[in-house]
Amino acid sequence: MQIAIASGKGGTGKTTLAVNLSVLLAEKFAGSRQKVLLIDMDVEEPNSGLFIKGKLQQQEVKYRLVPEWDEDKCTFCKRCANVCEFNAIAFLGVSVLVFPELCHSCYACSDLCPEDALPMVQHRMGETKIFSLNNHLQFIESRLDIGVEQATPLIEQTRKLIKEQYSGNEWFTILDSPPGTSCPMMEAVKDADLVILVTEPTPFGFHDLKLAMETMDELEKHYAVVINKYGIGNDDVLNYCNEKQIPIIGKIPNLRAAARLYSAGKAMVDAIPEIRVEIENIYQQILKLTEAET
Ligand code: SF4
Ligand code: SF4
């Protein structure tokens, strides 16, 4: 089971839901063989780790492949610059410049260079850490290095790691996706059985939720909505979802105590009964929706 928690914009409560659902499920699974895997896929600004602290089990530097120009072999034919669709190669007549941040690692220049003067070499982009909190909760955090602009390759490698190490059916996987509707978010939710779109009942929240829904429709993803800070704003989100028959599987109340715990970097399910009940309800709704799907 893989659940992605996403939103059309940052700051809607995506991480709050991902963390609290993970903590609640780890408690529920105690004594069973089931386990929770929480992954922070927001590699540009991962923050689930502010709320979840565990013992570091594994740490890996992550690389992607980019071409490296070999001056001694180059005959200055310009083929590489002509073939690169991403303007990642500049041909300067007497030299060739590669811009790793623009490179999409497509291999075209390297494969087409007649002199073998552009071998693909490893280029560091960030690192992935795996933490263990207890027997029932593991946490993965992937983080881009400062200055690295492309999030998608690191998210892709994190997805691969999940497939390789956590494909057993004992794992209930919760992905904290990058905000927005661009490539990193689409890459993060690719393998999810269900995407939960978290929103706020405000005009901004409603606007960005509609964009996120359009993206889910394009990706043909099964999705549902959770309204965070329920009680503020207006009923536009509620009315729209009812009209379009999009399931609203939770309404997390807007509580001052929740804001206090959030700013202290603490999970809420063990401290605020109303939130615990709501997160439990969301879990039950997830089970219903994913069972209905399979
Ligand atoms: S394709 Fe190869 S040989 Fe031609 S300019 Fe580029 S690096 Fe040099
Ligand atoms: S690998 Fe592809 S994207 Fe990167 S520089 Fe070569 S042609 Fe451009």
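How many nonpolar, polar and charged residues does the shell around ligand 2 have? The legends below take this up, using a predicted model.

**View 1. The shell around ligand 2.** By class, this shell has twelve nonpolar and three polar residues, and no charged ones. The residues around ligand 2 number 15. Cys84, Ala88, Cys103, Cys106 and Cys109 come nearest. Helix H3, residues 108-112, gives the most to this shell: three residues.

**View 2. The largest nonpolar core.** This core has 65 residues. Ile5, Val195, Ile196 and Leu197 touch the most other members. Helix H1, residues 14-28, supplies the largest share, with eight residues. In soluble globular proteins, nonpolar side chains tend to be buried together.

View 3. Leaving aside residues up to four places away in sequence, Ile196 touches Ile3, Ile5, Leu17, Ala224 and Val226.

**View 4. Ala257 in helix H8.** Helix H8 spans residues 256-263 and contains Ala257. Is Ala257 buried or partly exposed? Ala257 is partly exposed, because 13 other C-beta atoms lie within 10 Å, and a buried residue would need 20 or more. Ser7 is 250 residues away from Ala257 along the chain. The C-alpha atoms of these two residues are separated by 23 Å.

Note on methods: Residues numbered from 1 in each chain as written. Chains lettered and ligands numbered in written order. Predicted model: local features only at pLDDT ≥ 70, side-chain atom pairs only at ≥ 80, totals over all residues. Near = placed C-beta within 6 Å. Helix = DSSP H or I, 4+ residues; strand = E, 2+ residues; numbered from the N terminus. Nonpolar A, V, L, I, M, F, W, Y, C, P; charged D, E, K, R; others polar. Core = buried A, V, L, I, M, F, W, Y, C linked by C-beta atoms within 7 Å. Buried ≥ 20, exposed ≤ 12 C-beta atoms within 10 Å, placed from the backbone. Contact = placed C-beta atoms within 7 Å.
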